[in-house]
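Trainee: Could you take me closely through the strand pairing in this model, and show how the sheets are put together?

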Amino acid sequence: MKFCAMKFKVALACLAAVALTPLPAAAELKTIHSEKSLYRNIFVTEDGDLRCLTFRRATAGTRQTCFEKSDPQNLYFPYARMMMGALYLNPNPQRILIVGLGGGTLPMGLRGFLPDAAIDVVEIDPAVVKAALDYFPFKEDANLKVHTDDGRVFVKKAIKAGTKYDLVMLDAFEDDYIPEHLLTREFLQEVKSIMTPGAVIAANTFSSSGLYPYESATYADTFGKFYNLKAANRVIWAQNGELAPQSTLDANAKMLEPAFEKRGIKSGMLFLMLNGSKDWPDDTRVLTDQYAPSNLLNSRGKSNR
Amino acid sequence: MRTFAVLGISCWSGFLLMALELMSGRILAPTFGSSIYVWGAVITVFMLALSIGYLIGGRMSMSEPRIAVLCGLHLLSGLLVLPILFFELPVLDGIFEYTQDPRLGSLLSSVILFFLPAAVCGTVAPYAVRLLVKDSQAAGFYAGLQYFFSTAFSAAGTLLTSFYFVLILEVDQILMLLIGVTVFMALSAFLISRKSTP
C-alpha cells in the first residue's frame, strides 16, 4: 500500500507539473492560474474586477464561481444567493456541512453571517482546495475545516461517528457532470440521518434537463414537500421534518434582511422564484443506487437550457 | 461448428468481463465514492485477476483440451457473478467498518467481489486459443482471431452497459442478465459441439 501511495504521489506530481497551454479566450479574459488536476482542468481567470474559477476550459461558459475583488462579500452568482436563502428556514444553524467547495463562496458567505458556527466542507479534488485558498477569499479557521474526501464517503463516516448537522448544502455538481452516487434515494437518506430534527438541506442543481423530474421525485421521496427555486440554476430547500411555512420564511427574511442586503441577497427576488408545488409526473422513477443514470438523463433536453 | 462455438464463448466472455468491470465501479461508489482511487482499484484488480486467469487457462490447455471444459469455465465465470448479488452489501459494509480509506477499501472489496469471476474469464482466452489452433503455423492467426472477437465484444459490453443498460435496468438486473446469457452461451456451445462431434 505504502509503495502504491508513493508511486501515486509521483504520478500526481507529474500530472501537476504538466503545464497547460492557455486556451484562446476572450481578449479581456486573463488566465492567472491553470492546473490539470486528477479530476478536471482548473482555471482561475480574471476579467477586470471579476475573478472566476472555471473547470474544463477557460471560458465564461463554464464558470463555477466568481467574486468581485472590490467587493468580495457580494455574492456574484444568483445560485449562491439562492443557497444562502436556506437560512430563511432555520436562521441559526450551529453545525453546517457543505459538499463541494468550488471557490469557497458558500462557506465564506455563511461564515459572514454565522461567526461561531462549525462548518465542515468536503471537496474531492485537492487542486480545487488549493485554488480556493490561493486565489479566492477563502480561508479555514478553528471552526471551518475542509476535508479532502468523496462526499458520500464523508457522510458515511459522519454516520459512524454520530456527527449531526443543522444545515447541509449540496453543491457538488458541475456544469454537465453529476457524481451519480450523490443523487440517489440511499444517499439522501444517509444525509437525512446525519441531520438534526428540523435541519435544513439546500441543494444546487439544474433547472431544465431530462433529469428534472427524476431529481424532484428522489428528493420528494426522502424529504416529502420541499421548496423549489428556479432560475438559471435550480435550488431545493428541504427539511428533516415538517417544512417551514411561508410565514416563517417571511419572518426570518425580515430578520436577516440587513445582513443579507450587504451581500446582494434580496428576499423579494428569492421569493419570486419560490415554488412549493409539485411540477413533475406522479409516476416518475426515483433514482437509487441500483438505478442512477443521472448523467444520461441530464444530457437529454440539454438544448432547452 | 466447433470453431463457431469457441468463438461464441470468446465473444460473450469479453462482453461479460467489461460489463462487470463497469458495474463494479457502480457497486463500489455508494460505499467508497467515485474518486480516481476507486476506479484505480477496480482496474488493478481486474487486470491482476485476468493475468492470473491467463496463466491458469494456459496451463489447463496443456492436457487434453476439450470444448466441454471451455464451456465449463465459461459457465463458472457467469455463476461466480451470482454471489455479488447476495453478498455485495454485507461485504461492502463490513469492509467500510474495517477501513474507510477509499484506496484500501475499494481494493479489498474488488478482490472479494470481482476477483474470481474476472480470473475465470481470463482462463477462457488461452484455452479457447488452444482449441482453435489446428497447426502451430496458424497459431498466431487463431490467437489474433480470438483476441479480435473477445476484445471487440468487450468494447460492445462497455458501450451497451454504460450508454443503454443503465438507463433501463437496475445494477442487479444487469448482473442477472449477464449471468443468464453466460449460462445460455455455455450450454448452447456445449450442445452445438456435441452435435458436430458425435
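**The sheets of chain A**

Mentor: In this predicted model, strand 1 (residues 30-36) and strand 2 (residues 41-47) of chain A run antiparallel and are joined by six bridges. Within that pairing, H33(A) stands opposite V44(A) of strand 2, and the chain passes from strand 1 to strand 2 through a hairpin of four residues.

Strand 2 of chain A also pairs with strand 3 (residues 50-55) of chain A, again in the antiparallel sense and over six bridges. Two of the facing positions can be located by residue: I42(A) stands opposite F55(A) in strand 3, while E46(A) has R51(A), likewise in strand 3, as its bridge partner. The hairpin that links strand 2 to strand 3 has two residues between the strands, and in it G48(A) takes a positive phi near 65 degrees.

These pairings belong to an open sheet of four strands in chain A, with the order 1-2-3-4 and antiparallel pairing. At its edges are strand 1 and strand 4 (63-68) of chain A, each of which pairs on one side only. From one strand to the next, the twist averages 15 degrees. Helix 4 (residues 126-135) of chain A packs on this sheet, where it touches strand 1, strand 2 and strand 3, and the direction of helix 4 makes about 20 degrees with that of strand 2. When you inspect the strands in the viewer, keep in mind that in a regular strand the side chains alternate between the two faces of the sheet.

Chain A also holds an open sheet of eight strands, in the order 7-6-5-8-9-11-10-12, and here the pairing is mixed. Strand 7 (144-148) and strand 12 (274-275) of chain A are the edge strands, and each has a single partner strand, so one side of each is left without a neighbour in the sheet.

Methods: Residues are numbered from 1 along each chain as its sequence is written. Chains are lettered from A and ligands numbered from 1 in the order in which they are written. This is a predicted model: local features need pLDDT of at least 70, side-chain atom pairs count only at pLDDT 80 or more; totals for chains, interfaces and linings use all residues. Two strands pair if DSSP finds at least two bridges between them. Axes are lines fitted to C-alpha atoms, for helices over the stretch in contact, and angles run from 0 to 180 degrees between N-to-C directions. Two residues are in contact if their C-beta atoms, placed from the backbone, lie within 7 Å.
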